[in-house]
Amino acid sequence: MRIAAHLGVKDEIEIIDDAIAHLRSIGVDHIVAVDGCSTDGTADILAQHQNKDDFWFVQLDDLVPDETGEDWLRLNLQAIAGLRADWIIFLDADERWLPASGSLRDCRALTDSDVLTVPRYNVVLGENGPAMPSLPSPGDYQRSLLFVEPIPGFRTHLRFNPNTPWIRGVPGPKVMARPERIGGLTDGMHDIVGNAGPELRYRVPDDLLIAHLPFTTLPRFLQKVDNIRQQIAIHDEYLGEALAWHWRRWVELSDAGKIDEEFARQIYDAEEIATLLSSGIVSSVSEMLAGPAYRSRIARAS
């Protein structure tokens, strides 16, 4: 089985080396790094990895005024054309795919599906940084902590409870798909559009999840807010409220001089983390992948 990855990147100098190393460690054979014209040195690192055999480096300018979202998705689909792979995963540089065994090839749902919809959870941010090693392996899963309990109506909740840390929410899943079944991509590469053929077989795996690192350091967060400010200035109509509501909120906080305060709100001290663990709001990766409650949740979602 040959596994490839479409790796979306934009100004991730802080974490890009770890992102690449982790993909290799879980069994990804071929990486297609699609960079949105980074300016922080990320592109230089990606160019150093580039080769024709197992690492393609593609730059796509995400600030072209006349380019629509549909154009962007089409160009990303073109970037993976010609891949020799049985499966391709779609991820950003701040996401770590964590198979229970440490190898994507061991995922049981691969045998009878066309698309895996993989649950994604935010990594807890402690006073010393993310509560997960930079290159997590199964031996680290017990001490890798995730926010796993969603807040219903999270966007509305934040509007009325603005002091709730955004990291406390549970983001949407990402996908892993058979390349021959991909006819198109959806916004953010959160799903695929099937091509002609039988109905797509979707599965939610119970032995694979994604650990999301939305916050690591303040400089990285500030860079992301600046990037989305540029995106909104050029693609405001396409992005709209639905696609970029949380980023718009952060731009507004930045304009109000409150962005440092917003980042600080995401950080939990040891006592707070212990309380969250006891309440079930936070769980370790190992407990999620091994626990019957998680398997039951996944079964209901499948």
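Q: How many salt bridges does the structure hold, and what makes the pair of Asp-71 and Arg-74 one of them?
A: This predicted model holds 20 salt bridges. In the pair of Asp-71 and Arg-74 the closest N and O atoms are 3.4 Å apart, and since the cut-off is a side-chain nitrogen of Lys or Arg within 4 Å of a carboxyl oxygen of Asp or Glu, the pair counts as a salt bridge. Both residues lie in helix H3, three residues apart, about one turn of the helix.

Q: Why is Arg-74 called partly exposed?
A: Arg-74 has a relative accessible area of 41%, and partly exposed is what lies between the limits of under 20% for buried and over 50% for exposed, so Arg-74 falls in the middle class. Asp-71, with 22%, is partly exposed by the rule that applies to values between those limits.

Q: Why can the salt bridge of Asp-114 and Arg-201 be said to tie together parts of the chain?
A: The side chains meet at 3.2 Å, N to O. Asp-114 lies in the loop between strands E5 and E6 and Arg-201 in the loop between strands E13 and E14, so the bridge ties together parts that are 87 residues apart in sequence. Asp-114 is buried at 6%, whereas Arg-201 is partly exposed at 39%.

Q: Why is Glu-12 called buried, and which residues share its salt-bridge network?
A: The relative accessibility of Glu-12 is 3%, and buried means under 20%, so Glu-12 counts as buried. Salt bridges that share partners join Glu-12 with Asp-94, Arg-220 and Lys-224 into one network, and a polar contact of 2.8 Å joins the side chains of Glu-12 and Lys-224.

Q: How many aromatic pairs does a search of the whole structure find, and why is the pair of Trp-166 and Phe-215 called edge-to-face?
A: The search finds nine aromatic pairs. The ring centres of Trp-166 and Phe-215 are 6.1 Å apart and their planes stand at 70 degrees; because rings pair within 6.5 Å and planes over 60 degrees apart count as edge-to-face, the pair takes that name. The two residues are 49 apart in the chain, and Phe-215 is buried with a relative accessible area of 2%.

Q: What makes the pair of Trp-247 and Trp-250 edge-to-face?
A: Their centres are 4.9 Å apart with 80 degrees between the planes, and this angle is over 60. Being three residues apart in helix H5, Trp-247 and Trp-250 are separated by about one helical turn.

Definitions and conventions. Residues are numbered from 1 along each chain as its sequence is written. Side-chain values use heavy atoms; hydrogens and water are left out. Rings of Phe, Tyr and Trp (its six-membered ring) pair if their centres lie within 6.5 Å; planes under 30 degrees apart count as stacked, over 60 as edge-to-face and the rest as tilted. Helices (H or I, at least four residues) and strands (E, at least two) are DSSP runs, numbered from the N terminus. Buried means under 20% relative accessible area, exposed over 50%, partly exposed in between (1.4 Å probe, protein chains only). A polar contact is a pair of N or O atoms within 3.5 Å; within protein, one must be able to donate a hydrogen and the other to accept it, and residues adjacent in sequence count only if both atoms are side-chain atoms.
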